[in-house]
Amino acid sequence: NIIKAANRAIQTDYATQEAAGNLHLITIGKKATDFYKKKNANIYRTYDSIFDSLSYDKVSVIAEEVMQLFAEKKYDKIVLVYNHLKNAAVQIQMVEPFLPVSPVDDTVKASSKTDYIYEPDKETIVKELIPKTLKTQFYRALLDSFAAEHGARMTAMHTATDNAKQLLSELQLTYNKARQATITKEILEIVSGAEALKG
């Protein structure tokens, strides 16, 4: 589903960039890596084993690299495509802008006229806070995808268990019918034999 959502986003929103060869992918996970390698897509980097031991430290290295690429103006836009876990049975495919960071709406600024004193200064806070927020957003997206995958697996296993139980019940019924037919046949043979001895 993620691959379908990514392909849909590429075809609808980034078709001209793809045609010009200016669209690159960073694939995270084995399925996406295998799919886009077979498709000969422009893959900048792959992280196919990160879900084996997912941690904030590992994810923050990837997020740092992505932010660096954006800061160096190698890319003008970075978009995350991931699964959002609504519940165990429902996963929503998200196509979410990561960079550039959207500015705050002017109506919100106008309603807040309070002047705050910042310690340290605003620039230092922003320089510290924005990278941490972006790393957390990146980590949340991967955790969401990881949880969604487990939810999908759990749902699939639950469905498989229900199907197996139903199949077992049908087989038990078929077995019982066959056994009953055999018993009936044996009783008829015994009764016929007894009648033949009488007659």
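Predicted model: local features only at pLDDT ≥ 70, side-chain atom pairs only at ≥ 80, totals over all residues.
Local features rest on residues with pLDDT of at least 70 and side-chain atom pairs on pLDDT 80 or more, whereas totals for chains, interfaces and linings use all residues. Residues are numbered from 1 along each chain as its sequence is written, and side-chain values use heavy atoms, without hydrogens and water.

Rolling a probe the size of a water molecule over the atoms shows where empty space is left. A pocket is an open set of points on a 1 Å grid over the protein atoms alone, where a 1.4 Å probe fits and protein lies on both sides within 12 Å along at least five of seven lines; its lining residues have an atom within 4 Å of a point. The largest pocket holds about 1600 Å³, a volume being the space filled by probe spheres set on the points. Its lining comprises 47 residues, and Ile 2, Ile 26, Ile 28, Ala 32 and Val 81 lie nearest its centre. At least two lining residues come from each of α1 (2–13), β1 (25–28), α3 (30–38), α4 (56–71), β3 (78–87), β4 (90–99) and α6 (122–198); these elements are DSSP runs, numbered from the N terminus, with helices (H or I) of at least four residues and strands (E) of at least two. Helix α6 gives the largest share, ten residues.

The twelve residues of α1 reach 16 Å from first to last C-alpha, close to the 16 Å expected, where the expected span is 1.5 Å times one less than the number of residues. Within α1, Ala 5, Ala 6, Asn 7, Ala 9 and Ile 10 are buried; buried means under 20% relative accessible area, exposed over 50%, and partly exposed in between, with a 1.4 Å probe and protein chains only. These buried residues pack against α2 (15–20), β1, α3, β3 and β4. Beyond its neighbours within four places in sequence, Lys 135 is in contact (heavy atoms within 4.5 Å) with Tyr 56, Ser 60, Ala 63, Glu 64 and Met 67.

The structure holds five aromatic pairs, which are rings of Phe, Tyr or Trp (its six-membered ring) with centres within 6.5 Å; planes under 30 degrees apart count as stacked, over 60 as edge-to-face and the rest as tilted. The ring centres of Tyr 44 and Tyr 75 are 6.2 Å apart and their planes stand at 85°, so this pair is edge-to-face. It links Tyr 44 in strand β2 (residues 43–47) with Tyr 75 in the loop between α4 and β3, 31 residues apart. Phe 51 and Phe 146 form a stacked pair, because their planes are at 15°, with centres 5.5 Å apart. Phe 51 lies in the loop between β2 and α4, and Phe 146 in helix α6, 95 residues away.

Finally, the backbone has two cis peptide bonds to be noted here, from Leu 99 to Pro 100 and between Glu 119 and Pro 120.
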